[in-house]
Amino acid sequence: MVSPILELKDINKSFGHVHANKNINLQIHKGTIHGIIGENGAGKSTLMSIVFGLYQADSGTIKISGKEIKLKSPRDSILSGIGMVHQHFMLVENFSVLENIILGFEGELVFGKNLEKAKEDLKNLCDTYKLNIDLESTISDLSVGFRQRVEILKSLYRGAEILILDEPTGVLTPQEVDELFKILRSLKEEGKTIVLITHKLNEIMDLTSEVSVMRQGEMVGHKKTESTNKEDLAEMMVGRSVLLRINKSVTKPGNSVFSVRDLVVKDDLDVTRVKNVNLDIHEGEILGLAGVTGNGQTELLEALSGIRKIESGEIKLFNETISNKNNFFDPKRLKEKGLAHVPEDRQRMGLVTDFKAHENLIFGYHHQEPFSKSSILKEKEILSFSKKVMEEYDVRPRSPNLITSNFSGGNQQKIILSRELNENPKVLLVGQPTRGVDIGAIEFIHQRLIDMRDKGAAILLVSVELEEVLSLSDRIVVMFDGNIVGEKINKDVTDRELGLLMAGVA
Amino acid sequence: MDSLADIASLLNSTFRISTPLVFAAMAGLFAERSGVIDFGLEGKMLAAAFVAAVGAYFFGSPWIGLLLAILACVSLSMLHGFASVTHKGDQVVSCVAINILMIGLTTALAAAWFGQAGLTPTLTSEQRFLEITLPFADALQNVPIIGLVYSDIISGHYIFVYIAYLSVPIVFWIVFKTSFGLRLRAVGENPSAVDTAGINVFSMRYKALMVNGVLIAFAGAHLSTAVNANFFREMSAGRGYLALAALIFGKWHPKTALIACLLFGFTDALQIRLQGVELPMIGTIPVQLIQAIPYILTVVLLAGFVGKAIAPNAIGQPYIKER
């Protein structure tokens, strides 16, 4: 029996009171693609950061090819043949590809001979794995997909035999995902070992031969991928059975209540990000807006919700102009008209994370009764309201006095949703409602959005998660480079088609 | 030929006056490129000036004074690092503490040791650096153009002036052509990338601060043991801040920072030259107004003409590895 290329035994790691990894055991075999799956906060990234030497385990042993090793820093791990592609790329944006790759492994004090050799070696690696990267280009000019390839190339150049990828597909288009998977398969062919951390069940089924499941810091099971299925894995991840498909009835959309005509919006740097957008959202429908991050969705959503001035065009709510070139309704007035907004970046715009939960639960509505009277906040009413909605939206823990940043991402999102949905808005603008939210909470949030729709609300859903757009929307539009490049009725469309639209090639 | 001589003397003073600015800007460049704000250039320059003067006086050699000044400044930089790199304190607060401490400490020590608040004894010519006449400068004095440029502008400066201008291409070479420079720039842009590349972020920042201490010591020694023959209270006179402005104005790049330093030095030289001079049409400009020129220029340049100065991405942020 060949010893596994990577073996973890009884790994423990705590951050303060949080026991992030409890007695973790894991065996990974050479030449396989091994999936590690679990909800956000299950401890996957912590575990892999220990393997990469970024964190040190409180106890436990790590063996590589049967030999016990101590990993005190990323340097030790790199020299032991471990490479890691982080979720947030570890690249210096204003450096060239070459500079990023040689960083820390320059091999000489003054650049000269070794730099030329590095270029040669890198060109060969690029050819072998068909990475197709220009070494001289600057990182900030590269697309996300290419930046990820640079990370992979960086690890390979440093001699990685085991390549760990942390949530690699979160920021990619379906086409880029295909490309990535091709690269990973060819790495496997060459005998490399790949560890794939993800919360996406499809990827596990597609790519891996073995899968390990983590829940709340513990390893709850190891499976051969061929002998399991998505439902089983989801249940292991969450600890109870989960509905992967949303129960959604077909409704008949009513009149258009929110309309956008010839909208042009610029960002803070005066770059035109929304070029010419026309949209209608009807009563009782969810309109999904798909697109790769950075194609103008953020600016569009900000303009629609009254926090960004528009350059030209017109936005109408119930046939009343709420925004044009000269002036626009601020969010307070829009709220009074029945429009609610769940912002994309919940920590920056949706919440004051240093404030208590009950304060965040009423922001924007704090000046209304029953929360205040004659400009004085009524604490008792606020607290009893908070308790009520926290129950209703299953916010955990149910502590209205807890500082908001101490809630998990999913529960923070529930705080925003309960605030915005409580007034039964007629138009709801939602940005990335489940980004960084775990599977159990996603199910809950999706169900709430469907309920709102069934009550007749007009909902705009902006999401980079294609699966989310597909499972919730009645109608889908795709945004690319500031324009709406396609509109589809949900039931007639595949993710392939949408992917092509998102990439701007269709 | 009178106006030519005027210009030559104006340029000569420009180079002299810019010297401490150049040292300070290069010192600041190392710290800030590594991601550590150095608002404390002023205090360190003051400390160096004091220590250099005292050292030269006690040991009878300006070189020993310089050496002690380097030790003092490196220690202060390490203190800044200890507070803001190791203990992740606020970098600006740490710098302000150093600046205020040095104003008080130098004055108090001068009073305690020499009985004069804020003054050190005047150094003899053996105890200080003297102006260097370059070879053939006297012989070429009367050759047209060459004489003017070589003998009147380039020759006859203190050693620090030559070191300062020589340091700029060396700094450029270190920062952009060596692996140390690559790591330095990376650690100021994205320390996580440096950490995951297997380099210790903290030790990189300490190394940068060490170079910073050495360079700023030259600026102080130049003030008290070369252009002046003693230390006096607050003799750095805001040059540390001005150098920082030049560094920002120069977008953290050695070449452009040098140009900014020279520009500030030139306006200062000009204001000295213009004092009491009667200009056609305008008449005599009040001294106070003339003296304000360099500072007005600083504000105007920083406010509008520089374009957006993009600082190293991670500047001012202590590196925190674990959540």
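Predicted model: local features only at pLDDT ≥ 70, side-chain atom pairs only at ≥ 80, totals over all residues.
Close-up 1. Between chain B and chain A, 8 residue pairs are in polar contact, with both partners at pLDDT 80 or more. On the side of chain B that touches chain A, helix 7 (159–177), helix 8 (179–189) and helix 9 (191–196) of chain B each supply at least two residues, and helix 8 of chain B gives the most, with 6 residues.

**Close-up 2. Salt bridges across the interface of chain B and chain A.** The rule finds 2 salt bridges across this interface, and one of them joins the side chains of Glu99(A) and Arg185(B), for which the N to O distance is 3.5 Å.

**Close-up 3. Extent of the interface between chain B and chain A.** In this view, 21 residues of chain B are in contact with 29 residues of chain A, and the area buried between the two chains comes to about 2,200 Å², with carbon and sulfur atoms giving 59% of that area.

**Close-up 4. A nonpolar patch on the surface of chain B.** The patch is formed by Phe39(B), Val92(B), Val96(B), Ile100(B) and Tyr241(B), which together have about 400 Å² of accessible area. Helix 4 of chain B (residues 91–114) contributes the largest share of the patch, namely 3 residues.

**Close-up 5. Val92(B) in helix 4 of chain B.** Val92(B), a member of the nonpolar patch, lies in helix 4 of chain B. Val92(B) counts as partly exposed because its relative accessible area of 33% falls between the limits of 20% and 50% that separate buried from exposed residues.

Conventions
Residues numbered from 1 in each chain as written. Chains lettered and ligands numbered in written order. Heavy atoms only, no water. Patch = residues over 30% accessible without salt bridge, like charges linked within 9 Å, V, L, I, M, F, W, Y side chains within 5 Å. Areas by Shrake-Rupley, 256 points an atom, 1.4 Å probe, with all protein chains shown as cover. Salt bridge = Lys/Arg side-chain N within 4 Å of Asp/Glu carboxyl O. Helix = DSSP H or I, 4+ residues; strand = E, 2+ residues; numbered from the N terminus. Buried < 20%, exposed > 50% of the residue type's maximum accessible area, 1.4 Å probe, protein only. Contact = heavy atoms within 4.5 Å. Buried area = accessible area lost by both parts, 1.4 Å probe. Polar contact = N/O pair within 3.5 Å; in protein donor to acceptor, adjacent residues only side chain to side chain.
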